[in-house]
Each structure stands twice: as C-alpha cells, then as structure tokens.
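Reader: I am new to this structure and would like to learn how to read it, feature by feature. Could you take me through it slowly, giving the general idea before each case?

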Amino acid sequence: MNENDEVNIVPQMETLETEVKKFADGLPYWAKYLAEKILSGNAISDNDIDTSFSFLLEELNLNEETEKSEIEISFNSTNSGNYKSDLLLTKLENVEGVNSLTENQTIDFSSNLSIVYGANGSGKSGYVRLLKKAFYSKAPENILQNIHLESGHKPVNAKFTFKSNNANIPLLYSQKDNPEFGQFAVFDGKGLFKQLAEKNEFEFRPAGLSFFAEYTTAVNRVENKLNAFITTKNSGSTANDLSDLFDGESEIKNIVQNLNAQTNIVDLKKHTPFSVDDKAEKENNQKQYDELLLASKGKEKELKGLEAIKKQLEDNKTSIEALNKYFQGEYLTEIKDAITDCITKEAIAKTEGTENFKTDKIEGIGTEEWKDFIAAAERFAKKQKTENIFYPESGDNCLLCQQPLSENAEKLISNYWKFIKSVAEENARKAQEVLEKIRQTFEKLNFDLFPYDNTLSVWLTEKYPTEIEVLKQQLSKQKILAQNIISDIQKKTGNNRTEIKTSREQHDIIVTAIDESIRVIKEDEQAKQLEILQKAKTLLKHKEKFNTHFSKFETYVINQVWIKKARKANFAKRKITDAEKALSDKYFNQRYIDVFNEECQKLNGNFGIDINHTGSAGKSYRQLKLKGNNPNAVLSEGEQKVIAIADFLAEMQLSEVNRGVIFDDPVTSLDNDRKKQIAERLAYQATSKQLIIFTHDLVFFYHVKNFSRKYLNGINNSFIHHSLELENSLCGKVVANTSPANEGQYHEPTKAEEWLRKSKAASGSDKIDFSKAGLSALRSSYEALAIFTILGGAVQRFNPQIRMGRLKDIKYDKTLIESVIEKHGEISDLIEGHLPSDEFGIIPSPEILEQQIKDFKELKQKLREQ
C-alpha cells in the first residue's frame with residue numbers, strides 16, 4: 001500500500017455492550033479482574049474476592065508487586081448468568097410443610113397458559129406463598145405451617161421440574177438460589193403499595209445494565225474485606241492505652257502518646273536498649289531520692305497539709321457563695337411579692353366563695369382549717385362511690401351523722417365541692433404552694449460552715465482567729481434573717497427585709513497567704529533537688545518499660561502505616577452509579593416508558609402516569625407518579641391494579657432473563673369490563689411467555705379460557721386448567737385437568753368406565769383406589785347430569801350467564817330426580833371424603849363401580865325419554 005492509497009476506517013458502532021466494555025477497560029487491575037469475571041457470565045466466588053483483594057493490596061503498596069497477566073474484557077450479553085432462553089416450569093409436586101396443604105400433590109403446567117382454579121380456602125394462598133418465596137416477588141410472604149398441628153411440623157419443601165433443551169431439570173425448594181428460579185416472577189395484589197407508593201428496583205434488565213449491580217456487590221465484598229482487615233489492625237491497644245503503661249510524665253511517655261503512621265521506627269529505637277549502665281543509674285537515683293526524701297519529710301508533710309487546707313477553704317467559699325444568693329435584695333423582694341400575691345389571691349377566693357357559706361351556726365368559715373376540712377371531706381366522699389358516680393345524690397346520708405340528707409343539704413355539699421375547685425381557690429392554692437417551697441428551702445439552709453471540730457475551723461482559729469469570727473458573725477446574721485423570712489411566710493406578712501451577704505474577702509486573703517507559703521516550701525533547695533531526681537528516676541523507669549514492651553509500640557506503628565495506606569483505596573462507587581444511570585437513560589429507561597405506555601393502552605389504563613428514574617449503588621429505580629402524587633393516593637383500587645399490572649408486564653417484556661410469570665388473582669376489585677381486558681392481555685402474553693394464573697374468579701376464568709382459543713388455537717397442550725379442593729381439614733388437593741372449563745366431559749360416564757377397566761386389571765389396594773376414583777368420576781357425571789340434562793344447561797354453576805333459550809329443555813320428573821339424588825348420595829358415601837362406608841362392610845370394588853355405572857346409564861336414558 002503506498003501513501004496515496006486511502007484507508008477506510010469503519011467506526012465501531014456504539015452499543016450498550018461496547019460502552020460497558022469501555023467502562024470495564026478503564027478500571028484498575030483489581031476491579032477489572034472482577035468485571036471480567038462478571039462479563040464472562042461467571043458468579044463471583046470467595047476465591048475471586050480474595051484474588052481481587054490481593055491485587056488491591058499491591059496497588060496500595062501493602063503487598064509486594066507480582067507479575068500479572070493482561071486482562072482482556074470480552075463481553076457478550078448471552079454469557080451473562082447461567083440463564084436459559086427456552087426454560088419452562090413444567091411441574092410442581094411433593095409440597096411439604098406449607099400451611100395446611102395436602103401432601104403428595106402434583107400440578108402440571110402448560111408451556112403457554114395454565115390456570116389453577118379454587119374457591120376461597122381451597123389452598124391457593126399456600127401455593128402462591130411458596131412460589132413467591134421461590135421466585136421473584138415484590139411482596140414475598142412468610143410460609144405458614146399447619147396451624148391445626150401443635151407439633152411434628154415438616155420443613156418447607158417442594159420439587160420444581162424445569163425443562164430446557166428437551167431435558168428435565170428437577171430442583172428442590174432448598175435449591176431456590178439456582179438461576180432457574182430467577183427466571184420466573186410472581187405478581188399479586190399485595191405488592192400494590194410497594195409498586196405504586198415506593199421507588200422500585202428494576203429486577204429484570206439488559207445484561208449490560210445488570211452488570212453494574214453485580215459489580216457493585218463484588219466491589220462491596222472487597223471493600224468489606226479491607227475494612228475487616230483495618231478493624232483487626234485497629235482492634236489492639238490505642239496510643240492512649242499504650243501510654244497508660246507509664247506512671248508519671250516523661251519524654252518517652254510523650255513519644256508513646258503520639259505514636260501514629262508518621263512515627264519513624266528508627267527514632268523509636270534510639271531509646272533502646274535498657275543497658276547495664278541504665279540499670280545502675282536507676283538504682284543510684286532511687287537511693288539518692290530516698291535519702292533526700294527522708295530528710296525532707298517534715299516539709300513534705302507541711303506542704304500536703306497546706307494544700308489540703310486550701311482545698312477546704314475553696315469549698316467553704318463555694319458554700320458561702322451559694323448561701324449569699326438567698327439573701328440578695330432582689331430575691332428578698334421576690335419573697336415579699338410572693339407573700340403579697342398569696343394574701344391577695346386568698347382574699348379574692350374568700351370574697352368569691354366563702355361569703356356564700358357564712359352562718360351563725362358555724363365559726364371559722366373561710367379559714368385554712370375550714371378549707372382543709374372541706375377538701376378532706378371531698379376525698380372521703382369519693383371513696384363511698386364507684387367510679388363516675390358522685391356523692392351526694394338523692395337518698396344519700398350524711399357522712400358524719402348518717403342522717404338522710406335534705407335537698408338543701410345536698411345542694412350545700414355540692415356547692416362545697418364546687419368551691420374547692422373554683423379558679424380563685426385554685427390560684428390561692430398555687431400561691432400558697434409557692435410560699436411553701438420557699439419556706440422549705442430556707443429551713444434546709446446550713447449556716448454551720450465552721451463546726452468546732454472541723455480541721456479547717458481548728459486551723460483558722462489558730463492562724464486567723466479574727467477572720468473566722470467575722471465570718472461566723474455574718475453567717476449568724478443570715479441565719480436570723482432566714483428565720484424571719486420563714487416567720488413572714490407562716491404569718492403571711494410582707495415585710496421589707498435588708499440584704500445580708502457574707503464577705504469572701506477573708507477567703508481570698510487567706511488563700512493568697514497559703515499560696516505564698518507553698519511557694520516558699522517548693523523553692524527550697526531540697527524540694528528542687530527532689531523534683532530533679534524524681535524526673536530522672538521516672539525517665540529511667542519509663543525507658544526500662546519502653547524496652548520491655550517495644551514490640552507492642554513497633555507493631556502499633558506498623559499497623560497504623562498499613563491502615564493509612566489502606567484508607568487510600570478508591571472504590572469509585574459514585575462513578576459506578578453515574579455510569580449505570582447514564583447507560584440506563586440511554587439504552588433502557590425510555591424503552592421501559594414506551595412499553596409501559598403501550599401496556600396501559602392495551603389495558604385501557606391511560607391515567608397520565610409519569611415515571612421518575614433514579615440510580616444508586618449500581619442499580620436503577622423507578623417511581624410512578626400521577627401529577628406529583630403517588631398513584632395509590634389518587635386512583636381507585638381497580639385503577640391501581642391496572643397500573644401495577646402494566647408496570648409488571650412492561651418490566652417482564654423487556655427482560656432478557658424472565659421466561660415465565662405467575663399471577664395470583666389479578667382481577668380482584670375489578671369490574672367485568674376490566675376483567676375481560678386483562679384476560680385478553682394475559683392470554684395474548686401466553687403466546688410469548690409462559691403464564692400461570694391462580695384465581696377464584698369464575699368470570700375472569702371464562703374470559704381467559706375464551707381468549708386462549710383466540711390466541712393459542714393450534715398450539716398443542718397450550719392451555720391446562722386444574723382445580724384445588726378441600727379434603728377433610730386439609731386444602732390444596734389438586735384435581736388435575738378438572739375445572740369450571742371442562743365439566744362437559746362428564747356428560748357420559750367415560751371417565752368412570754376408564755377407571756373400571758383399570759380397577760379390573762389391578763390387584764390389592766390399587767383395585768380399591770381405582771374403584772374409588774371411578775366412583776368419584778361417576779359422581780361428577782351425576783352432577784353434570786343435573787346441569788346439562790335435568791336443567792337443560794340453562795343454568796351452569798361456573799357460568800355467570802343464564803341461557804333463557806334452554807329453559808324449554810328442562811326435564812322434571814320428581815321420581816327420577818329423587819332417584820338421581822339418592823344415587824349421588826350413595827356414591828358419596830362410598831368414596832373418600834364422605835361417610836366411612838367400610839364401617840358397614842361395603843368396600844369400593846370393580847363390581848360395585850360397574851353396577852353404579854349401569855344404574856347411571858339407565859337413569860339417564862329414562863330422563864332422555866321424557
């Protein structure tokens with residue numbers, strides 16, 4: 001190629017996969033290692049986390065650098081996860097330990113559409129709870145045990161049979177972490193609030209976007225591992241703990257207190273070793289110190305004594321300051337005002353109340369004693385009556401003389417009660433309480449601050465007799481003032497009292513003198529020399545301990561250096577979230593909005609729903625809004641369900657993983673038109689995704705059945721329906737291939753005849769069991785006989801419509817109808833679930849079954865001949 005040749009460079013088309021690959025290529029080696037594993041479709045194991053962690057330590061210079069191979073990011077969305085594009089759920093069987101479900105049942109599922117019908121209490125909830133715990137659900141529920149059993153509960157278990165590539169994959173409930181379970185989702189109304197009132201994570205998204213959540217989880221595991229190492233290295237002694245090894249102060253203790261990641265180990269080693277010379281010097285210092293201390297013992301005792309007196313004097317000063325607060329002029333004025341206020345309020349109470357009770361017959365009305373008497377009487381009166389009944393009432397006697405109360409006496413007592421509860425009386429009472437608190441406070445004040453046998457009192461009497469006498473006199477004046485105040489309160493006399501404060505000037509003078517004495521003692525040459533020897537002795541003692549525990553200090557510093565480096569790790573979580581959000585906005589969010597709106601249109605649910613998208617920790621979330629409000633606060637329950645179904649179907653349609661959806665009574669609270677719309681939408685959905693519906697709604701059942709003919713016609717085994725029934729005290733008995741959709745197959749006793757042939761060929765218990773099954777099928781034929789022959793199909797128990805045109809086909813012959821009722825009851829007594837016929841010596845057998853089939857045919861022929 002020469003220089004004139006043109007080179008055509010075809011730009012690579014930007015896709016979600018290429019942008020995810022670009023993101024992964026830009027990661028540091030430890031993180032890129034994890035990204036490559038995830039994008040290759042591998043689950044991140046503990047070994048992978050350990051390997052990534054070792055690479056991170058190398059990056060942080062905490063491990064030696066090793067030779068590493070180049071990581072090549074190769075991303076293909078089909079590699080992501082062990083998911084199967086053709087996966088089907090074909091069977092659920094051997095359910096145990098769930099509610100009160102009958103054991104040893106089997107539910108087969110169609111590859112397209114399956115309906116399990118059952119009335120309330122038939123066991124649907126038990127199966128749905130199991131499926132919600134096994135598969136994805138927005139509102140998983142705890143599985144209940146059989147409440148009818150006190151003990152002997154079995155653990156929850158079930159066998160799920162999946163199918164992929166024409167091979168069955170049997171898995172137990174305990175294996176629900178397998179990826180097959182992650183390809184199915186359950187919708188039920190109990191998740192409505194979470195769907196409509198909260199933000200919801202997209203559980204099923206393109207593999208490229210799902211990468212970010214898996215990658216974030218892996219990064220968190222590495223981060224947690226690093227944090228665990230940091231915690232371990234930090235779990236030992238702190239610098240303060242290590243410094244506590246040393247009593248007193250020294251240069252060495254200061255070094256230990258300040259140990260950190262910047263500490264140089266070489267500098268620490270300058271204080272090692274503790275040599276023979278150091279030991280000899282320590283012993284010599286101790287000897288000199290002891291000799292000098294002995295010689296200066298008297299001064300040391302004097303010093304300690306002065307320091308103790310100073311402390312007591314300062315405490316005494318604090319006590320005097322506290323007393324002075326009670327004898328300040330401002331507070332004395334407050335006390336006088338409180339007395340005046342109480343006098344005023346008592347006068348008002350007396351004027352407003354007691355004047356009404358004055359009489360020549362009783363003295364002292366309105367006095368405190370009179371009020372106390374009334375209050376005590378009211379409390380005693382309450383004890384005479386039950387709750388909410390008040391004394392006095394008509395017919396009551398006097399509490400003192402036991403004579404019947406006149407009408408005027410009853411009125412007088414009632415007025416007494418009203419008086420003690422009046423506003424004026426309450427104000428007077430509160431004012432009295434204020435005075436009482438002040439009185440109690442002054443009675444508790446302690447003025448004996450210089451007891452004669454107190455150490456401080458003895459010392460002051462000896463050293464400062466004038467000063468202590470002045471202090472005592474001032475305290476005595478305060479004590480007299482306190483007694484006068486108490487008297488004022490008791491007599492309710494508002495006197496002006498003069499402020500009295502005990503001076504603290506004497507304390508300050510004495511403390512200054514004590515400080516000077518202490519200074520003189522400390523400046524003594526002996527004291528200075530003792531201090532010098534003490535410091536030298538402490539330093540050598542600390543040096544000895546420092547050498548004893550040097551390994552602890554060295555380890556601590558090494559760990560702090562490790563932690564400092566480790567905390568430089570950058571896990572770039574904001575970058576992960578931003579990248580995921582940007583790619584979600586670009587490749588997914590709008591697609592979801594479009595599909596959601598399409599689903600709303602198909603379900604006639606155009607309510608103007610807005611969708612807000614947010615991101616966090618590598619995950620995307622959506623929240624539905626209606627004009628700024630949560631839809632559940634505005635829409636009816638039926639409209640909420642339509643929106644929730646649209647949201648659920650939209651997410652499932654966009655999923656590259658989901659292969660099947662399960663609905664639990666999706667049309668509860670909906671009218672017939674809505675049921676029909678949803679039935680059509682689900683029947684159509686079954687053309688592209690396996691659909692399983694649990695329902696008790698017959699109208700909805702028939703709509704789904706009818707639309708399945710429209711959309712699934714020509715597909716083999718595209719529609720399966722079963723019924724759930726009660727059996728004794730247990731529910732959840734599966735009646736396979738039987739439901740409101742196929743009653744017509746019992747027009748003739750064909751099913752019973754099939755069981756007859758099996759029972760004749762069988763032996764032992766199988767012969768009896770097959771005979772019972774045949775009788776059960778024949779009982780259903782009698783029921784079909786009543787619906788289609790006697791009633792002419794005009795009214796059918798599973799069809800909401802009445803066929804008026806068939807009323808002419810009704811056949812009524814009382815004798816024949818009584819025969820039908822008798823035969824139906826006779827068969828019911830023979831089969832399981834009814835009267836125990838074996839008590840009468842009758843055991844179901846091929847002969848009995850054959851006779852019963854013959855009787856049925858004869859009865860039916862007679863009815864036809866009418």
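Author: Let us begin with surface, where a term is needed: accessible areas come from the Shrake-Rupley method with a 1.4 Å probe. The model before you is predicted, and its protein chain exposes about 47,200 Å², of which carbon and sulfur atoms supply 48%.

Reader: How many helices and strands are there in the protein chain, and what percentage of its residues is buried?

Author: The protein chain holds 29 helices and 14 strands. Buried residues, meaning those under 20% relative accessible area, make up 43% of the 866 residues in the chain. Turning to contacts with a separation of 6 or more, residues 24 or more positions apart account for 74% of them.

Reader: How should I read a sheet, and in what order do the four strands of the open sheet lie?

Author: Strands of a sheet pair through backbone hydrogen bonds, either parallel or antiparallel. Here four strands form an open sheet in the order β2-β1-β5-β6, and the pairing is antiparallel. The edge strands, each of which pairs on one side only, are β2 (106-108) and β6 (167-172). On average, neighbouring strands of this sheet are turned by 15° against each other, direction ignored.

Reader: How many bridges join β1 to β5, and which residue in β5 is the bridge partner of L92?

Author: Strand β1 is joined to β5 by six bridges, and the partner of L92 in β5 is F160. Between β1 and β2 there are three bridges, with L92 standing opposite I107 in β2. If you then move on to β5 (residues 157-164), you will find six bridges joining it to β6, and there T161 stands opposite P170.

Reader: Which helix lies across β1, β2 and β5?

Author: That is helix α4 (residues 124-134), which runs at about 120° to β1 (88-96) while lying across β1, β2 and β5. In the loop between β3 (113-117) and α4 you can find S122.

Reader: Is S122 buried or exposed, and what does its side chain reach?

Author: S122 counts as buried because its relative accessibility is 4%, and the cut-off for that word is under 20%. Its side chain reaches the backbone oxygen of A119 at 2.6 Å. Leaving aside its neighbours within four places in sequence, S122 is in contact with L724, E725, C731 and G732.

Reader: Now I would like to read a helix, so why does the span of α25 agree with the number of its residues?

Author: Helix α25 covers 15 residues, 698-712, and at 1.5 Å a residue it should span 21 Å; the end C-alpha atoms are 20 Å apart, which agrees. An α-helix has 3.6 residues a turn, so residues three or four places apart point the same way. With that idea in mind, you can look along α25 for its buried residues, which include F700, V704, F707 and S708.

Reader: Which residue caps the N-terminal end of α25, and which residue follows the helix?

Author: The cap is D697, one of whose side-chain oxygens lies 3.1 Å from the backbone nitrogen of V699. After α25 comes G714, whose phi is positive, near 95°.

Reader: Where else is phi positive, in a residue other than glycine?

Author: One case is K492, with phi near 55°, in the loop between α17 (465-491) and α18 (505-522). Another is A572, whose phi is about 45° although it is not a glycine. A572 lies in the loop between α20 (550-566) and α21 (573-587), and it is partly exposed, with a relative accessible area of 28%.

Reader: Which peptide bond is cis, with omega near -5°?

Author: It is the bond from T272 to P273, and P273 is found in the loop between α9 (265-268) and α10.

Reader: What does K282 touch, not counting residues up to four places away in sequence?

Author: K282, found in helix α10 (residues 276-295), touches F274, L540 and E544 when those residues are left out of the count. Separation in sequence and distance in space are read separately: K282 and L539 are 257 residues apart in sequence and 9.0 Å apart in space, C-alpha to C-alpha. As for its surface, K282 is partly exposed, with a relative accessible area of 25%.

Definitions and conventions: Residues are numbered from 1 along each chain as its sequence is written. This is a predicted model: local features need pLDDT of at least 70, side-chain atom pairs count only at pLDDT 80 or more; totals for chains, interfaces and linings use all residues. Side-chain values use heavy atoms; hydrogens and water are left out. Helices (H or I, at least four residues) and strands (E, at least two) are DSSP runs, numbered from the N terminus. The expected span of a helix is 1.5 Å times one less than its number of residues. Buried means under 20% relative accessible area, exposed over 50%, partly exposed in between (1.4 Å probe, protein chains only). A polar contact is a pair of N or O atoms within 3.5 Å; within protein, one must be able to donate a hydrogen and the other to accept it, and residues adjacent in sequence count only if both atoms are side-chain atoms. Two strands pair if DSSP finds at least two bridges between them. Axes are lines fitted to C-alpha atoms, for helices over the stretch in contact, and angles run from 0 to 180 degrees between N-to-C directions. Contact means heavy atoms within 4.5 Å.
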